[in-house]
Amino acid sequence: MTAIETIITAINQRKTTARQSVETALARAAEVDEYNAIISLTSERALDRADEIDQAIAAGTASGRLLGVPFIVKDNIL
C-alpha cells in the first residue's frame, strides 16, 4: 500500500482526520527543508480546508478520492 493509500484509508476509516494529516505534513516539511526547496507554505489555508473536509466527512457529504491527502506543488516555471 502506498503512502497516499494509507492516508486515504486512515481518513475513510476515521483513524485520523484530514487536519491531523495536514498537521503531520506541515511539521515534516518544516523539519526536512534543509535545501530551502519550499518557497512558501499555505499552512492556514491548508488547515482551514482540512477542517472543511473533516466536516464534510462527518456529515456524509464528502466526495473525492484524495480528500485529506496533503501535497506540495513544485514551482518550476522558467
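Let's start with an open space: the largest pocket holds about 910 Å³. A pocket here is an open set of points on a 1 Å grid over the protein atoms alone, with protein on both sides within 12 Å along at least five of seven lines, and lining residues have an atom within 4 Å of a point. Its volume is the space filled by probe spheres set on the points. Two elements, α2 (18-32) and α3 (43-59), each give two or more residues to the lining, with α2 supplying the largest share, 7 residues.

A word on the model itself: it is predicted, so to speak of local features requires pLDDT of at least 70, side-chain atom pairs count only at pLDDT 80 or more, and totals for chains, interfaces and linings use all residues. Residues are numbered from 1 along each chain as its sequence is written, and side-chain values use heavy atoms, without hydrogens or water.

Stepping back to the fold, the protein has 3 helices and 0 strands, where helices are DSSP runs of H or I with at least four residues and strands are E runs of at least two. The C-alpha trace spans about 40 × 25 × 25 Å along its principal axes. Of the contacts (heavy atoms within 4.5 Å) between residues at least 6 apart in sequence, 66% join residues at least 24 apart.

Finally, burial: 21% of the 78 residues are buried, meaning under 20% relative accessible area with a 1.4 Å probe, protein chains only.

Notes: Buried < 20%, exposed > 50% of the residue type's maximum accessible area, 1.4 Å probe, protein only. 1 Å grid on protein atoms, 1.4 Å probe; cavity = no way out; pocket = protein on both sides within 12 Å on 5 of 7 lines; lining within 4 Å.
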